[in-house]
Amino acid sequence: MKFYLTTPLYYLNAEPHIGHAYTTTIADIICRYYRMAGYDVYFLTGTDEHGEKVAQSAEERGKNPQEHCDELVQKFIETWKMLNIKYDDFIRTTEERHIRVVEKALQILYKKGDIYKAHYEGWYCIPDERFWTEKEVVDGKCPLCGREVKWLKETNYFFRMSKYQSWLINWIEENKNFILPVIRRNEVLGFLKNQLNDLCISRPKTRLSWGIPLPFDRDFVCYVWVDALLNYVSAVGFTYDDSKFKYLWPADCHLIGKDILTTHSVYWPILLHALGVEPPKTIFAHGWWMIKERKMGKSLGNAVLPENLVKEYGVDEIRYFLARDMAFGYDATFSFELLHKRINAELADDIGNLFQRVVSMIHRYFDGTIPSNTAQGTDETRLKEFSTTMIKKIEKNIFELNPTQALENAVEIARETNRFIERTAPWNLHKNGEKQRLSSVLYTACEILRKLSIIYYPVMPQKCDIIRRTLRAKEPITFESAKSWGLLASGEIMGEPISLFPKISEKKGRVAVEASEKISMDDFLKVELKVGVAKEVERVEGTKKLLKIKVELDNEERIIVAGLGDIYAPEDIQGKRIVLVTNLKPATIKGIESNGMLLAAEDNKGTISLLTTDKEIAPGAKVR
Ligand code: MSP
């Protein structure tokens, strides 16, 4: 049986933060469990490389878009490697294999009469690359991200999405697992109560050239979302490898964040249906990682990078935390306190402690030899039954896409085993010379550890390898072996006890929390802030966002490049007093050396406001 799971393709406009890492890690964990259940798994991830967002971020870095993508994609590949993600395929939308499929798909739809050309006038959100109707716009802002929308007049190509609206409603109603969790399904059905508009699927090259040209009109490029969604079929052979495509499609699960629910559960199934292809089986939308009630994200400036977390806490600990702390489908808060709590309580106290005490006792009472699997007492039988029940629950929760609950079941096994050790008190059995019972109790505890090393394997492969090496466990890592009993070889000498999950000391915890939230005065004083007067402001040629500003300070003038050109015209800034960071290392942007950075404020709706002074203070005045 096959299982084909995908993650979204991440935009190459910034390096991955733990929001992206969450989707990819959960996808990896689910796939590893499916492999354990005997499925032939195909796990696809990749990067979304066309469109305005990526073009803009390339521009800001002074690179051409392809060069920019080739560099930034490495950051994703490295991050996934660091997080121990085992994908089967990584697709980039700039790859030839993908571009060919996009062209073919567009050609099919065009020939069928599902694509037409029309003049359009309306609101457009640049960051989201989406058109909005008058009704949808909220106080001049994009209903999705809250940023300013622009009035655009353009001729474009449109896909007859509205034609398929009633088909989609029926499909969702008849396929209960098509959109999960149920709240998201209801959300989409609610959205579909309104008349669907046709979808604008092109952008004129005069405005945006970074995309796949339409095969039937090279003056236009394909809308980035249509391009990107098609990756799910282009990676698995659509239109070029029939046998692969027939085997893997429909995808079993598109795992996404709730921010991209409409594109996946409205545009995508309709596009597929129009192409004569069945929709995926399930689209699962998880919630967001929040920091102090705000979505974590690059544009909000509150992104936590997986690299730093893994360095500080270890890869398995972070994988565990991500999977454990977000009730799957709902939002979760990220904080260092919660991370430390989880590591200390469950990993160190429950699992790590169980491992260390059992292995130590075997060394103490049996010279490190795995004891024999002798006749068992009631306590042992009860624990064995409890673990089997829990493992069945874990399996069920995984297949119902509920990894958080599956991990709750797993930690229950560890806790119950710790209670079992307290109850049976091997130290007393040893003192009283009850050798046979002692052997039975400790063998049982070892077997449970072996089961845990399988059950936790998809989440914490490195730590589980240590447990398995210590126990000399050699059986295949499958649900079957996790449910079996007596697979450890009595008589073998086991490895030494070690501390699997060192506790995070309160001090380290405090330092990390403080480091994440507060800086010292010394840190602040490292940043030199001054008031300057913007003497000459002009656009950087060939860019939409960049402004070149000559700034007067006390007795010097400097050039800075600022990315505010889409919000401020040069004349809006000319003559203003602006606040600058003056001791930044120079950066070369589009061939211009920028010596400093101006300050602007951005609220969580994306409104941006330049910082100026309320008096005509002398240029060069220090900001303290
Ligand atoms: N490129 C599109 C997706 C195209 S799929 C055909 C895109 N990319 S993205 O880089 O913005 O990444 C989106 C995904 O990253 C979200 O759907 C979600 O899976 C993940 N996350 C980004 N920020 C997140 C949080 N703060 N919390 C949890 N996941 C988040 O949209």
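Author: Contact means heavy atoms within 4.5 Å. The model here is predicted.

Reader: What makes K53 a contact partner beyond its own neighbourhood, and which residues does K53 touch?

Author: Set aside the neighbours within four places in sequence. K53 is then in contact with Y11, N13, P127, D128 and E129. K53 itself lies in helix α2, residues 52-60.

Reader: Why is K53 called partly exposed?

Author: Its relative accessible area is 21%. Buried means under 20%, and exposed means over 50%. The value for K53 falls in between, so K53 is partly exposed.

Reader: How many residues of the protein chain count as buried, as a percentage?

Author: Of its 624 residues, 56% count as buried. The chain has 22 helices and 25 strands. Its C-alpha trace spans about 90 × 65 × 40 Å along the principal axes.

Reader: Let us turn to α15. How do you know what length to expect for this helix?

Author: Helix α15 covers residues 403-424, which is 22 residues. The expected span is 1.5 Å times one less than the number of residues. That gives the expected 32 Å, and α15 reaches 32 Å from its first C-alpha to its last. A425 follows α15, with a positive phi near 40 degrees.

Reader: What makes α14 roughly antiparallel to α15?

Author: The axes of α14, residues 378-399, and α15 cross at roughly 170 degrees and come within 8 Å. Angles over 145 degrees count as roughly antiparallel. Therefore α14 is roughly antiparallel to α15.

Reader: Which residues make that contact, and of what classes?

Author: From α14 they include L383, F386, M390 and I394. From α15 they include A406, A410, I413 and F420. By class, the contact of α14 with α15 has eleven nonpolar, six polar and six charged residues.

How values were computed
Residues are numbered from 1 along each chain as its sequence is written. This is a predicted model: local features need pLDDT of at least 70, side-chain atom pairs count only at pLDDT 80 or more; totals for chains, interfaces and linings use all residues. Side-chain values use heavy atoms; hydrogens and water are left out. Helices (H or I, at least four residues) and strands (E, at least two) are DSSP runs, numbered from the N terminus. Buried means under 20% relative accessible area, exposed over 50%, partly exposed in between (1.4 Å probe, protein chains only). Axes are lines fitted to C-alpha atoms, for helices over the stretch in contact, and angles run from 0 to 180 degrees between N-to-C directions. Angles under 35 degrees count as roughly parallel, over 145 as roughly antiparallel, 65 to 115 as roughly perpendicular and the rest as oblique. Ala, Val, Leu, Ile, Met, Phe, Trp, Tyr, Cys and Pro count as nonpolar, Asp, Glu, Lys and Arg as charged, and the others, Gly among them, as polar.
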